[in-house]
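Subject: Structure for your review

Dear colleague,

Please find below the structure that we discussed for your studies.

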Amino acid sequence: MAEQPMLKFVKIERDMPEKRGAEERRADFNEIYAEYADAKAKEQSSRCSQCGVPYCQSHCPLHNNIPDWLRLTAEGRLQEAYEVSQATNTFPEICGRICPQDRLCEGNCVIEQSGHGTVTIGSVEKYITDTAWEQGWVQPIKPATERAESVGIIGAGPGGLAAADVLRRAGVQVTVYDRYDRAGGLLTYGIPGFKLEKDVVMRRNEQLEAGGVTFRQNCDVGTDITFEEIREAHDAVIIATGVYKSRDLAMPNGEAKGIEKAIDFLTASNRKSFGDAVAEFDSGRLNAEGKNVVVIGGGDTAMDCVRTSIRQGATSVKCLYRRDRANMPGSQREVQNAEEEGVVFEWLSAPKGFTTDGDSVAGVMVQKMRLGAPDATGRQAPEVIEGADYVEEADLVIKALGFEPEALPTLWDQPELEVTRWGTIKAQFTTGKTEMENVYAVGDIVRGASLVVWAIKDGRDCAEAILDAMNAKAQVMAAE
């Protein structure tokens with residue numbers, strides 16, 4: 001009788017791909033985890049219990065068929081595993097790298113709850129699709145038939161690109177408008193290479209372009225082209241701009257030189273990785289080399305900033321967060337990686353202003369906090385400890401306080417484009433449909449700052465809704 005290929009979690013322990021040593025990875029922007037070897041991917045996949053109610057799948061926004069592709073991997077049927085994975089996820093190799101699996105699929109794994117250590121779902125997902133690219137299993141986009149309808153997509157981030165992929169495969173003519181010179185949005189310019197190497201994003205962009213998606217880069221809607229012109233040129237429009245307006249701190253000396261926004265700092269670093277000339281980096285303004293860096297914030301963007309600063313050669317890197325480690329919104333895995341690389345976390349610490357040397361920042365005035373009574377959401381609210389203030393020396397302060405939507409109705413001269421009280425676009429979550437005829441919206445511009453995997457889901461769902469509407473219209477016209 002052949003050996004049961006699954007349920008080996010009682011015999012085989014959880015084993016992540018090998019992680020490069022902290023000293024080695026401090027010196028470059030390469031990804032920190034090695035690839036699984038084939039035997040190791042099979043071994044770790046075989047730990048899956050194939051449970052009757054797969055909580056990993058139900059807690060994945062895309063509802064990926066995780067148990068199915070784990071079993072196929074364990075059985076050595078890797079090409080089939082890739083096809084199952086790709087069926088529900090436009091960019092599985094990207095999600096495998098940057099999804100917070102500890103909060104989603106892996107965090108809800110049944111064997112994790114039983115104390116055996118979760119299946120390494122993200123690492124296997126990454127391995128499957130990376131192998132598919134290497135083996136030539138990733139097929140070019142070739143629609144069976146071309147359609148006359150066209151869709152304009154504003155924003156080349158994960159939501160817009162996921163929608164473009166689904167629509168183009170159905171034969172729809174797709175044009176993507178984006179303000180940057182490379183597609184990918186935050187995948188390209190916001191997330192550092194040590195989490196997501198840029199060739200992984202670029203090959204998807206190239207696949208879409210080779211498949212017939214038209215990209216209009218360096219195109220700022222409202223300046224280079226009007227929203228009305230885009231509407232007139234297409235049968236439907238998808239707004240997928242993301243949220244890029246940085247939250248700010250109104251504090252004494254907050255305008256001093258050396259106090260920077262996280263998005264500016266990360267974009268400059270990523271551009272340098274591409275080999276671009278970046279004046280703000282070369283002048284030293286957005287370069288942490290030789291500086292005492294303080295990052296304010298506790299999310300994944302803050303983790304990207306502290307770990308980038310380390311790699312740029314900062315003298316010291318500290319992260320201020322007003323709550324404790326248990327209440328950190330960023331990935332605990334990222335916090336651990338940052339600590340290994342030399343970042344110092346100052347928990348229960350919040351800024352109240354800045355000291356200066358001339359017109360440049362010299363330090364952050366820090367007030368110590370304690371956690372008080374829970375707020376309406378059940379989270380403990382931070383309270384100031386009187387008399388415990390101190391100054392943290394800093395040559396570069398990076399504000400990583402999250403992102404808000406830009407005022408699109410004003411920027412685009414579209415007062416009828418409805419927004420919520422938070423400034424996000426009012427749209428149906430299931431279809432992306434807005435109150436404007438044939439105008440849809442997906443991703444962070446609807447949800448607020450969220451995860452890449454949610455943007456991919458929104459883009460795919462919206463594309464399917466547009467196809468349904470186009471097909472319904474075609475049937476009506478054919479019947480007339």
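Is Asp-413 buried or exposed? Asp-413 has a relative accessible area of 61% and is therefore exposed, since the threshold for that class is over 50%. Please bear in mind throughout that this is a predicted model.

Asp-413 is found in the loop that runs between helix 17 (408-411) and strand 16 (439-441). Its phi angle is near 55 degrees, which is a positive value in a residue other than glycine. Asn-253 also has a positive phi, near 65 degrees, and is likewise not a glycine. Asn-253 belongs to the loop between strand 5 (245-246) and strand 6 (259-261). With a relative accessible area of 40%, Asn-253 is partly exposed.

I turn next to the interior. In soluble globular proteins, nonpolar side chains tend to be buried together. The largest nonpolar core in this model contains 66 residues, and Val-151, Ile-153, Leu-167, Ile-238 and Ile-466 touch the most other members. Helix 19 (residues 452-479) supplies the largest share of this core, namely eight residues. Another core, of 24 residues, lies apart from it and includes Phe-403, Trp-412, Ile-425 and Met-436.

Val-151 sits in strand 1 (residues 150-154) and has 0% relative accessibility, so it counts as buried. Leaving aside neighbours within four places in sequence, Val-151 is in contact with several residues, among them Leu-167, Val-174, His-234, Ile-238, Ile-466 and Met-470. His-234 is 83 residues away from Val-151 along the chain, yet their C-alpha atoms are separated by 5.2 Å.

The C-alpha atoms of Asn-471 and Tyr-244 are separated by 35 Å, and the two residues are 227 residues apart along the chain.

The next topic is a pair of helices. Two packed helices are described by the angle between their axes and the distance between the axes. For helix 5 (residues 78-88) and helix 8 (residues 121-135), the angle is about 110 degrees and the axes are 9 Å apart. The two helices are therefore roughly perpendicular to each other, because angles of 65 to 115 degrees are placed in that class. On the side of helix 5, the residues that meet helix 8 are Leu-78, Ala-81, Tyr-82 and Ser-85; their partners in helix 8 are Tyr-127, Ile-128, Thr-129, Thr-131 and Ala-132. By class, this contact comprises six nonpolar residues, three polar residues and no charged residues.

Finally, there is a region towards the start of the chain to examine. Gly-21 is in the segment before helix 1 and counts as partly exposed, at 37% relative accessibility. Gly-21 and Lys-318 are 297 residues apart in sequence and 21 Å apart in space, C-alpha to C-alpha. Asp-28 is in the loop between helix 1 (22-25) and helix 2 (38-45). A polar atom of the Asp-28 side chain lies 3.0 Å from the backbone nitrogen of Asn-30. Beyond its neighbours within four places in sequence, Asp-28 is in contact with Arg-20 and Arg-311.

With kind regards

Notes:
Residues are numbered from 1 along each chain as its sequence is written. This is a predicted model: local features need pLDDT of at least 70, side-chain atom pairs count only at pLDDT 80 or more; totals for chains, interfaces and linings use all residues. Side-chain values use heavy atoms; hydrogens and water are left out. Axes are lines fitted to C-alpha atoms, for helices over the stretch in contact, and angles run from 0 to 180 degrees between N-to-C directions. Helices (H or I, at least four residues) and strands (E, at least two) are DSSP runs, numbered from the N terminus. Angles under 35 degrees count as roughly parallel, over 145 as roughly antiparallel, 65 to 115 as roughly perpendicular and the rest as oblique. Contact means heavy atoms within 4.5 Å. Ala, Val, Leu, Ile, Met, Phe, Trp, Tyr, Cys and Pro count as nonpolar, Asp, Glu, Lys and Arg as charged, and the others, Gly among them, as polar. Buried means under 20% relative accessible area, exposed over 50%, partly exposed in between (1.4 Å probe, protein chains only). A nonpolar core is a set of buried Ala, Val, Leu, Ile, Met, Phe, Trp, Tyr and Cys residues joined through side-chain atoms within 4.5 Å. A polar contact is a pair of N or O atoms within 3.5 Å; within protein, one must be able to donate a hydrogen and the other to accept it, and residues adjacent in sequence count only if both atoms are side-chain atoms.
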